[in-house]
Amino acid sequence: MTKKETPSLPLIHPPLVGFAAVLLIGTVATDFIYSETLLFQWNNFSIWLLTAGLILAAIAGLALLLDIVRRRLPVIARGRFIGFTAAALLSLLNAFVHSRDGYTAVVPDGFALSAAAAVILIFLGQRGWSLRAVPSSGPTRTMEFHSRSPEIQS
Amino acid sequence: MNANLLSAGCAVAALILLSGCDEKKAADPSTQYGTDPVLPAPEQYILPPMRIALAKGWGTEQTPTVTGGLAIKAFATGFMHPRQVYALPNGDVLVVETNGPKAPIYRPKDFIEGKVKGLSGSAAPAGNRIILLRDSTGSGVADQRSIFIDHLNSPFGVALVGNDLYVAATDALLKFPYVPGQTHIDAPGEKVTDLPAGQINHHWTKSLVASPDGTKLYVGVGSNSNITENGMAAEEGRAAIWEIDRATGLKRIYASGLRNAAGLAFEPTTGKLWAVVNERDEIGPDLVPDYLTSVREGAFYGWPYSYFGQHIDIRVEPRRPDLVAKAIMPDYALSSHVAPLGMVFTQSSTLPLKYRSGVFISEHGSWDRSPLNGYKVVYVPFEDGLPSGPPQDVVTDFLTSDGKAKGRPVGVTLDHTGAMLIADDVGNKVWRVSAAKHTSDVAAAVLSNR
């Protein structure tokens with residue numbers, strides 16, 4: 001009855017989450033350079049990084065869904081899911097802020113949002129870009145999608 | 001976090017609905033007329049409020065509405081984005097069919113804005129040429145039509161001095177030889193001087209007027225951005241009115257800090273230069289009022305650092321307190337986002353007397369304010385060479401009741417009979433506004449002229 005997850009089938013979402021995260025984290029650097037140089041091209045870099053990062057984040061979200069539907073990911077780490085989602089929403093908000101004209105596209109709101117998203121992503125990224133629940137010393141909060149599927153130890 | 005989620009969700013929803021999240025209501029435009037407009041605190045948006053008047057066009061028998069004592073009729077129709085009208089002394093009328101060069105996409109916003117503006121008819125293909133119209137029977141409708149000058153680079157302003165016809169293309173001021181009665185000019189334009197264009201060319205229109213004595217030409221050169229987002233280097237020579245010496249072609253900046261002086265005209269009783277100026281966007285539905293002002297030689301009017309005197313725009317860094325201190329107040333606010341693109345003083349008009357000592361201003365209207373403002377032609381009365389009362393609606397109903405644009409007024413002028421001509425770049429028509437027949441005003445005018 002219990003359908004075992006095959007470890008040989010890799011998850012497709014983690015690299016996409018990683019690509020998106022790298023672009024979104026990069027926004028902090030271009031924002032910082034803008035705030036120092038006031039050369040508007042650096043804000044243009046930021047908004048393109050945000051745009052590309054958000055497109056990849058959307059694709060990563062679809063990939064995650066696909067991983068769940070294809071039963072490769074019976075449970076996901078709820079905290080990490082909330083963290084990545086928050087970073088994506090902050091970045092979406094940030095894309096609108098970065099679309100303002102002039103200095104206030106970046107300073108202070110845009111820069112603050114870039115930094116907040118980056119802090120979340122760097123923190124989560126220390127354990128890689130997978131949303132697979134991993135065992136820890138304490139009880140891990142998970143979200144189950146397929147009842148009775150045993151959790152795979154990675 | 002909840003607040004952020006909410007904002008983000010709202011931003012997405014707003015983008016789809018093309019309506020702002022901000023619930024704050026726009027003020028009554030009448031609080032922003034005249035010398036002392038009410039200026040609210042600037043806002044910084046997640047998504048600036050916008051409302052697009054979708055381009056619809058006119059029904060067969062439809063016309064704009066005119067106030068009492070006036071009559072309106074289509075002088076000519078079937079244009080490709082007509083934006084200027086200019087009356088030649090012999091009665092012929094020039095219509096400039098024009099639109100801006102393709103705007104580069106530097107940010108995702110440029111792409112989205114381009115699409116949005118396209119909905120409002122701003123991106124319609126243009127002839128980039130000048131059409132000559134002739135009303136040979138005096139019926140108030142043009143019956144002859146020819147291509148007067150073809151293959152121009154986004155032309156806008158036109159001015160005739162003697163037999164020299166000047167055309168302000170977006171990148172150069174050109175001079176053509178003109179013979180009265182001519183219906184076509186084959187001679188190539190001679191370049192008088194280059195004008196700021198370049199790859200960005202954000203405000204591309206170059207308004208043009210000749211001084212009353214014909215020795216100088218004045219060109220309105222708009223800024224290269226909303227508020228310096230393309231960098232200060234792109235603003236070299238822009239947001240200014242240039243003075244060009246006709247004899248030598250030498251030029252200098254006559255006045256600066258005028259974001260986009262899209263209409264220029266000389267006030268006939270004082271001989272002073274006046275301009276209508278389009279102010280900055282995206283800091284609120286009631287900021288910054290567009291204005292009508294006399295143009296003082298050497299004066300600085302604030303853009304980009306400040307507006308209406310010393311109101312600082314926090315979007316511009318580094319700041320320039322030295323320039324802000326110098327910035328002068330424009331003479332007369334027209335209220336926000338009306339987009340005045342044309343003006344003509346009315347002393348030589350044959351419209352009712354109440355319209356003969358002021359200025360007609362065409363308000364093209366814009367999409368970055370809700371509710372919409374402008375989309376009409378107004379009259380500002382003058383006394384002793386200065387505005388003397390609030391703007392009065394003269395030609396209205398360019399919008400449908402559900403907020404679509406039947407037309408949008410751009411250039412205005414008076415023809416040789418003293419009637420008003422209006423270029424309509426969404427309706428693709430030229431309207432002629434004349435005195436309604438048999439009004440007491442007309443009778444009075446006839447008597448007074450005897």
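I looked up strand 4 (residues 82-87) of chain B and found it joined to strand 5 of chain B by five bridges, the two running antiparallel. The model is predicted; local features need pLDDT of at least 70, side-chain atom pairs count only at pLDDT 80 or more, and totals for chains, interfaces and linings use all residues. Residues are numbered from 1 along each chain as its sequence is written, and chains are lettered from A in the order in which they are written.

I noted the terms. Strands (E, at least two residues) and helices (H or I, at least four) are DSSP runs, numbered from the N terminus. Two strands pair if DSSP finds at least two bridges between them.

B:Val85 has B:Val95 as its bridge partner in strand 5 of chain B. Five residues lie between the two strands of this hairpin. In the turn, B:Gly91 has a positive phi of about 100°.

Next I checked strand 6 (residues 129-134) of chain B. Five bridges join strand 5 of chain B to strand 6, again antiparallel. B:Leu94 has B:Leu132 as its bridge partner there.

Is strand 5 of chain B buried or exposed? Five of its five residues (93-97) are buried, meaning 20 or more other C-beta atoms, placed from the backbone, within 10 Å of their own. B:Val93, B:Val95 and B:Glu97 point one way, B:Leu94 and B:Val96 the other.

**Chain contacts**

I found 26 residues of chain B in contact with 19 of chain A (C-beta atoms, placed from the backbone, within 7 Å). Helix 1 of chain B gives the largest share of the chain B side, five residues.

Note on methods
Contact = placed C-beta atoms within 7 Å. Buried ≥ 20, exposed ≤ 12 C-beta atoms within 10 Å, placed from the backbone.
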